[in-house]
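Subject: Structure handover

Hello,

Here is the structure for you to look through. Please open it and keep it beside this email as you read.

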Amino acid sequence: TVVAYRKMWLGGAEPARFEYAFDAAVCFESHGDSAAAGAWYGRAAALPGADSEARRSAERYARLRGRR
């Protein structure tokens, strides 16, 4: 849930698997928190084993940030 991911994020915990960070991004995005979603997509893309969907999502959010 978003609350659990927010606690993990605020607590400074970094997920070791890209899937966890990607799931956090999806949760934040579905709840309308684009800043947190973008941060988590970026984390997911930077972790070992990140797939093309994680990298594309991170790039999409990075482009959106650049437009603001």
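Below is what was found in it, going from the whole chain down to single residues.

First, the ground rules. This is a predicted model, in which local features need pLDDT of at least 70 and side-chain atom pairs count only at pLDDT 80 or more, while totals for chains, interfaces and linings use all residues. Residues are numbered from 1 along each chain as its sequence is written, and side-chain values use heavy atoms, with hydrogens and water left out.

The whole protein

The protein has 4 helices and 0 strands. Along the sequence the pattern reads α-α-α-α. Helices (H or I, at least four residues) and strands (E, at least two) are DSSP runs, numbered from the N terminus.

Of the 68 residues, 31% count as buried. Buried means under 20% relative accessible area, exposed means over 50%, and partly exposed is in between (1.4 Å probe, protein chains only). The accessible surface comes to about 4,300 Å². Carbon and sulfur atoms hold 55% of that surface. Such areas come from the Shrake-Rupley method with a 1.4 Å probe; for residues, only the protein chains shown count as cover.

Now contacts, meaning heavy atoms within 4.5 Å. Take those between residues at least 6 apart in sequence: 49% of them join residues at least 24 apart.

Helix α2

Helix α2 covers residues 18-30, which is 13 residues. From first C-alpha to last, α2 reaches 18 Å, close to the 18 Å expected at 1.5 Å a residue. The expected span is 1.5 Å times one less than the number of residues.

Which residues of α2 are buried? They are Phe18, Ala21, Phe22, Ala24, Ala25 and Phe28. These cover an arc of only 155 degrees around the axis, so they sit on the same side of α2. The arc is that of the directions from the helix axis to the C-beta atoms.

Cys27 is also found in α2. With a relative accessible area of 21%, Cys27 is partly exposed. Its C-alpha is 7.6 Å from that of Ala37, 10 residues away along the chain. Just after α2, Gly32 takes a positive phi of about 80 degrees.

Helix α3

Helix α3 also gets a span: it has 13 residues and reaches 18 Å from first C-alpha to last, close to the 18 Å expected. Its buried residues are Ala36, Ala37, Gly38, Trp40, Tyr41 and Ala44. Ala39 is in α3, but it is partly exposed at 27% relative accessible area.

The core

In soluble globular proteins, nonpolar side chains tend to be buried together. A nonpolar core is a set of buried Ala, Val, Leu, Ile, Met, Phe, Trp, Tyr and Cys residues joined through side-chain atoms within 4.5 Å. The largest one here has 16 residues. Trp40, Tyr41 and Ala54 have the most contacts inside it. The elements giving two or more residues to this core are α2, α3 (34-46) and α4. Helix α2 gives the most, with 6 residues.

Look at Ala54. Leaving aside neighbours within four places in sequence, Ala54 is in contact with Phe18, Phe22, Tyr41, Ala44 and Ala45.

Aromatic rings

Rings of Phe, Tyr and Trp (its six-membered ring) pair if their centres lie within 6.5 Å; planes under 30 degrees apart count as stacked, over 60 as edge-to-face and the rest as tilted. By this rule there are 2 aromatic pairs. In one of them, the rings of Tyr41 and Tyr61 have centres 5.2 Å apart and planes at 35 degrees, so the pair is tilted. Tyr41 lies in α3 and Tyr61 in α4, so the pair ties together parts 20 residues apart in sequence. Tyr41 is buried at 2% relative accessibility, and Tyr61 is buried at 9%. Phe22, Tyr41 and Tyr61 form one aromatic cluster.

Ser57

Is Ser57 buried or exposed? At 8% relative accessibility, Ser57 counts as buried. Ser57 is in helix α4 (residues 52-67). Apart from neighbours within four places in sequence, Ser57 is in contact with Phe22 and Tyr41. Ser57 and Ala25 are 32 residues apart in sequence and 9.2 Å apart in space, C-alpha to C-alpha.

Best wishes
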